[in-house]
Amino acid sequence: MRNNCLYFTLLITLIILTSVARAQERISLSANSDWQFYKGKLSYPALLTQQISWEKVQIPHSWNTTDVNDDVPGYYRGSGWYKKHLVIPANWKNRKVFLSFEGANQTTVIFVNGKKAGTHIGGYTGFNVDVSPFLRFDQNGKNEITIQVDNRYNANIPPLSADFTFFGGLYRDVYLTVAGKTHFNIDKYGGKGVFITTPLVSDEKASVSIKGDINNAAENVTELIVTATLKYKNRVIAEQKKQLKSDGLTHFELNFEEINNPKLWSPTEPNLYQLITTIRNAKTGELLDQVSNPLGFRWFKFDAAKGFFLNGKPLKLIGASRHQDYKNLGNAVGDEIAIKDVRLLKEMGGNFLRVAHYPQDPAVLAACDQLGLLAAVEIPVVNAITETEAFANNSKNMQREMIRQNYNHPSVIIWAYMNEVLLRPPFANDSTRREVYFKNVFKLAQELENLTREEDPNRYTMIPNHGNFALYNRIGLTKIPMLVGWNLYQGWYTGKYTGFATFLDMHHRLLPDKPLLVTEYGADADSRIHSEQPLRFDKSVEYAVQYHEFYLKAMLERPFVAAAMAWNLADFNSEERVETDPHINNKGLLTIDRKPKDTYLFYQANLLTVPFIKIGLTGRTVLGGVADGNNEFRQQIKVYSNQKTVSLAVNGVPIGKQTTSMGIANFTVTLLPGSNTLIATTGHGKQDQVEVVARLIPKILNSETLPFSDVNISLGDTRYFLAQPAQELWIPEQAYTKGSWGYVGGTRFSMTDTSRLSFGSNKNILGTALDPVYQTQRIGMDAFIFDVPDGEYELTLHFAELVSSEPQKALAYDLGAKTTVNEQFKERNFDVAINGKTMIANLGNKNELKAAEAHSYKVKVTATHNSGIKINFKPILDEAIINGIQLKKIY
Ligand code: GCB
Ligand code: CA
């Protein structure tokens with residue numbers, strides 16, 4: 001009986017103890033819902049009492065999701081305010097409550113119940129704000145939280161300028177983190193408080209070191225027990241405990257000396273262990289804090305001659321960089337898209353992610369750990385620095401935050417900083433001052449390097465440079481980091497593809513001891529633009545495929561090239577860019593809504609080991625053009641496969657077998673008007689089937705077997721353009737021949753700055769979504785003729801002046817271009833007559849034809865007595881121009 005009673009008491013004590021323990025566990029609870037947002041200048045606390053309208057929003061949120069896409073240059077860069085009521089449970093009174101931000105762009109001030117609780121600088125790293133001193137537990141625990149976020153330019157905060165949009169807002173998750181007063185130190189640099197390394201790893205044995213700091217703000221807890229438990233698939237592998245005296249900030253270290261037969265982490269087998277660390281009150285056994293971290297056993301090495309090695313085996317790192325935005329969402333994308341992107345890179349066959357140009361959502365590296373991708377992360381010091389103490393401090397702070405927040409990810413092997421920092425140095429006209437600037441860049445680089453090696457001696461450091469080898473070498477930026485990255489665009493912005501291979505060999509010759517990584521290479525590929533005669537800068541998908549083919553081959557042939565990181569995984573927002581798809585950089589292997597382009601299929605065909613086959617269409621559901629005499633259209637089609645040979649059948653008829661080269665097989669298929677079925681097969685019976693619609697324009701316009709219905713012609717163009725959302729196919733111009741259609745006379749527009757070799761104009765044509773059509777034009781045409789049969793037609797003429805009297809600012813990243821281009825502006829004036837009648841008089845750049853603005857005219861035309869339709873251009877001053885012509889038969 002007595003015994004029973006004792007057991008009972010023990011049981012009760014145990015229940016009490018465990019419930020106490022549970023109550024003290026670390027809480028992480030999202031606080032994303034039910035926020036109010038106001039964009040504007042009012043300041044705190046006035047904005048809480050003024051009559052302003054607040055908008056209900058959810059986090060992640062950005063205030064720039066729409067203003068970056070419109071035709072008005074620029075986007076709102078200023079202050080945005082968020083407010084909400086947080087209900088705090090009474091039992092958090094004796095605990096530490098943090099507001100944890102995964103990222104807010106770019107400066108943040110947090111107010112709680114009328115008091116400033118914290119601030120943060122920098123848009124891409126996380127931070128924890130201890131709000132406990134400001135919380136109220138009366139009034140049912142209702143607390144007023146107000147947050148100011150500001151994304152305006154600040155000369156002391158990187159990035160100063162860059163080829164991406166600086167979306168403002170609380171664009172990543174916000175959490176409440178509740179810890180005991182004694183907790184792993186998350187108070188500084190948003191770090192984890194627990195730092196795990198694996199000093200020794202081999203196939204047979206591994207050791208683990210766990211270091212960290214405990215922040216002990218509890219008054220009567222002085223003896224602590226720290227425990228580290230290593231688990232694999234929920235089985236405890238090892239456990240270590242340490243008792244320590246604690247007051248304020250206390251450092252601890254625990255070690256597992258020998259873990260036998262560790263399951264190694266690698267891209268093919270991303271084995272993850274779980275490392276749980278706890279703090280307990282040594283006297284009472286009470287659990288005070290608990291955190292869990294991933295752990296992967298792997299070892300790695302870069303070798304300047306042989307490339308990269310993982311777990312003792314050579315591994316060519318191949319992958320891409322990622323930006324964090326998505327179509328119509330800006331950077332407020334949530335974890336799902338971050339995870340989806342990492343999965344897409346894995347499904348491409350990639351084994352490496354460059355997290356560029358800034359640290360991203362924690363979900364990204366967590367996904368890399370899980371799926372088996374190695375990674376580099378960097379801070380956003382891009383293009384240039386400001387030579388101030390404040391800029392240097394902010395940069396160093398970001399580097400520290402980045403390292404401490406991401407330290408435990410097995411996927412991370414490189415910490416980087418300074419992307420193309422010598423791209424556009426200031427003081428162009430003062431070489432002495434410029435040298436001082438270069439010295440300051442060097443100094444900051446050295447400081448960031450030292451800091452990084454001190455924070456984490458177990459990973460590599462890297463600086464990614466642009467292609468000016470001599471300059472980076474002279475300034476010393478190739479000496480400081482352990483690895484040198486090059487962002488190379490030969491055959492895109494400058495020169496020819498072959499220059500890429502020459503550059504790699506030069507690095508190897510001149511810096512034989514420095515491992516080389518190609519941190520960027522890419523070419524614009526507007527998924528709507530296709531060409532059978534691809535040209536540099538035409539933005540066609542086909543040019544990009546050629547470019548990637550050359551680059552990948554060159555890197556695979558050179559063992560000393562450790563890594564290949566395509567720029568970029570997906571198309572991304574860059575507000576300043578004004579090209580075929582204004583405000584978008586379309587060097588992505590995926591579109592901005594993550595649809596695969598041919599370039600993505602190209603990597604799949606080269607990297608995947610399971611049988612792979614895909615017909616390359618890059619989203620083209622409509623193909624076609626001018627039919628031949630048999631009312632058929634001959635179309636080039638690429639089939640991507642990792643098999644030696646592939647076969648293609650069109651509408652049930654086999655058209656043959658082709659050998660693949662670098663994963664590509666080229667076919668010419670004959671398409672019939674309307675729907676066509678293409679089936680590509682490998683020897684193993686693996687196949688890809690697609691349905692495409694072919695829109696054919698009869699060669700002879702009065703054909704009875706293929707009656708003419710409509711045609712959309714882009715003048716001065718050799719490309720096909722599929723306009724969205726109507727799937728309207730625009731085709732290249734052609735010279736007039738009898739019975740058909742085409743131009744008579746004239747030449748194609750080309751940029752006056754020949755060093756740049758642009759295809760058409762790079763201007764954003766305002767007032768239209770048909771930018772590619774307007775960006776090319778024919779100049780000095782006499783006429784444009786359609787030998788159409790009699791009937792009622794609708795004719796649309798599109799004009800845009802492509803040169804202006806203002807010098808054009810060249811895109812900063814267009815390294816081949818001068819910074820400004822003086823255009824050869826001439827006043828022009830012309831009449832347009834249709835079937836002999838002047839319809840548009842005195843069209844010119846001194847009146848309605850303003851530079852880079854779309855002008856279109858739609859007219860009804862009756863063709864009778866075999867008149868056909870003839871458009872005549874009569875120049876008055878200089879030459880006539882026209883950019884696009886559409887003709888539609890009504891009946
Ligand atoms: C670069 C930059 C990157 C740009 C890219 C481009 O060198 O590092 O930020 O987006 O070129 O597309 O021009
Ligand atoms: Ca997140």
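Which residues of α10 are buried? In this predicted model, the buried residues of α10 are Asp598, Thr599, Tyr600, Leu601, Phe602, Tyr603, Gln604, Ala605 and Asn606. The helix is thus mostly covered, with 9 of its 10 residues buried. The elements covering these buried residues include α9 (541–556), β33 (613–616), β35 (633–641) and β38.

The loop that connects β32 (584–585) to α10 (598–607) contains Arg594. Phi of this residue is near 65°, a positive value in a residue other than glycine. Arg594 counts as partly exposed because 18 C-beta neighbours lie inside 10 Å, and burial would require 20 or more. A positive phi, of about 50°, is also found at Met662, which is not a glycine. Met662 is located in the loop between β37 (653–659) and β38 (664–671). With 15 other C-beta atoms within 10 Å, Met662 is partly exposed.

At the level of the whole protein, the division is into domain 1 (24–184), domain 2 (194–295), domain 3 (316–608), domain 4 (609–697) and domain 5 (706–889). Between the C-alpha centres of domain 1 and domain 4 the distance is 52 Å. An unreviewed UniProt entry lists residues 68–176 under "domain: Glycosyl hydrolases family 2 sugar binding". Over this stretch, residues 68–176, the chain is 40% strand and 0% helix.

Two cis peptide bonds are described next. One of them runs from Ile59 to Pro60, with omega near 5°. Pro60 belongs to the loop between β3 (55–57) and β4 (79–87). Another cis peptide bond joins Asn105 and Gln106, where omega is about -5°. Gln106 is part of the loop between β5 (96–101) and β6.

Strand β6 (residues 107–112) includes Val109. Val109 is partly exposed, since 19 other C-beta atoms lie within 10 Å and the threshold for a buried residue is 20 or more. When neighbours within four places in sequence are left aside, Val109 is in contact with Lys116, Thr119 and Gln148. Val109 and Asp150 are separated by 41 residues in sequence, and their C-alpha atoms are 8.9 Å apart in space.

Val421 provides a buried case, with 26 other C-beta atoms within 10 Å. The residue is placed in the loop between β25 (412–416) and α6 (431–455). Not counting residues up to four places away in sequence, Val421 touches Val381, Asn383, Ala384, Ile385 and Val441. Along the chain, Val421 and Asn465 are 44 residues apart, while the separation of their C-alpha atoms is 7.0 Å.

Definitions and conventions: Residues numbered from 1 in each chain as written. Chains lettered and ligands numbered in written order. Predicted model: local features only at pLDDT ≥ 70, side-chain atom pairs only at ≥ 80, totals over all residues. Helix = DSSP H or I, 4+ residues; strand = E, 2+ residues; numbered from the N terminus. Buried ≥ 20, exposed ≤ 12 C-beta atoms within 10 Å, placed from the backbone. Contact = placed C-beta atoms within 7 Å. Domains from an automatic or database assignment. UniProt positions renumbered as here; feature names shortened; annotations may be inferred.
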